[in-house]
Amino acid sequence: MLVTAPKEGKVLLHACCAPCSGAILECMVRSGIRPTVFFSNSNITPYGEYAKRRGELERYCDSMGIEWVDDEYDHALWRDKVALGMENESERGPRCLRCFRFRLSRAAEYAAANGFSVLATSLASSRWKNLEQVDRAGRDAVADADPTGELVWWGRNWRKGGLQPRRNEIIKEMNFYNQLWCGCEFSEQLKKG
C-alpha cells in the first residue's frame, strides 16, 4: 500500500508502541515519506513498562534509519490532567479521549515548534481504540497548537489497506514485545479481569 501525506513537508508520527507503528512506518517509507517518530506516552506505568515499549520502538526506528524523539515521561502529570475523577470510566470512554488529547497535544506542540507540516498517530492502527476519539483528539490538538493552519492533522484509519495483517507479520519478524493493553493502570486492570 502507498500513501500520500495531506500536505508537503515534514511528517511527525506520534507512536504509542512498535507493534502499532511497524506497518505504518513501513508504508510511509515505501511511499517516499521519511517521518520522525515522537514517543509521548506518559500514560504507561510502571516506568519499566514504558522503557520496554520505548526500547522496542527505538530498535525498530534504528533498523529503518528513522529519526525518533522521546518526549518527557511524566505519569503524575498525566494522572492529574487525564485520570483524576475518571478512574472508574470504562475503556473507550471519556478518560481515553482525554488521554489521546493529552498525548497528541504534546505531539502537536512539538510539531508546531519544530517545523513539521503534518501530524499523524499510530493510535489509529489499534483495534482497541475508538477511531472517532483519536481523530477528534488529533484535530483539536493541532488546532490548539497551530491556529495558523501550517500544521495539519492526518486523520487516517491505519487498519485498512492490508496494514493490519502486515502489522502482525512485522510483530513476528521483529520479535516485538507485544502488549495487550494500552499501558495505563486502568486498562491493565481490564486485561487482568
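**Entry 1: terms and model.** I note first that buried means under 20% relative accessible area, exposed over 50%, and partly exposed in between, with a 1.4 Å probe and protein chains only. The model is predicted, so I keep its rule: local features need pLDDT of at least 70, side-chain atom pairs count only at pLDDT 80 or more, and totals for chains, interfaces and linings use all residues. Residues are numbered from 1 along each chain as its sequence is written, and side-chain values use heavy atoms, with hydrogens and water left out.

**Entry 2: histidine 14.** I looked up where histidine 14 sits: in strand E1, residues 11–14. Strands (E, at least two residues) and helices (H or I, at least four) are DSSP runs, numbered from the N terminus. Is histidine 14 buried or exposed? It counts as buried because its relative accessibility is 0%. A polar atom of its side chain lies 3.0 Å from the backbone oxygen of serine 40. I then listed contacts (heavy atoms within 4.5 Å). Leaving aside neighbours within four places in sequence, histidine 14 touches residues including Phe38, Ser40, Arg103 and Leu119.

**Entry 3: nonpolar cores.** A nonpolar core is a set of buried Ala, Val, Leu, Ile, Met, Phe, Trp, Tyr and Cys residues joined through side-chain atoms within 4.5 Å. The largest one has 50 residues. Leu25, Met28, Val37, Leu57, Leu119, Trp154 and Trp158 have the most contacts inside it. Among the elements giving two or more residues to this core are E1, helix H1 (18–30) and strand E2 (36–39). Another core, of 8 residues, lies apart from it and includes Trp78 and Cys99. Back to leucine 57: beyond four places in sequence, it is in contact with Ala15, Cys17, Ala18, Ser21, Val37 and Phe39.

**Entry 4: the cavity.** On a 1 Å grid over the protein atoms alone, a cavity is a set of points where a 1.4 Å probe fits but cannot get out; a pocket is an open set with protein on both sides within 12 Å along at least five of seven lines; lining residues have an atom within 4 Å of a point. I count 1 cavity of 30 Å³ or more. The largest cavity has a volume of about 60 Å³. Volume here is the space filled by probe spheres set on the points, which are joined across faces, edges and corners. Helix H4 (residues 94–113) gives the most to its lining, with 5 residues. Trp78 and Cys99 are among the lining residues of the largest cavity.

**Entry 5: the pocket.** The largest pocket has a volume of about 450 Å³. Of its 25 lining residues, Ser126, Trp128, Gln179, Leu180 and Trp181 lie nearest its centre.

How values were computed
Polar contact = N/O pair within 3.5 Å; in protein donor to acceptor, adjacent residues only side chain to side chain.
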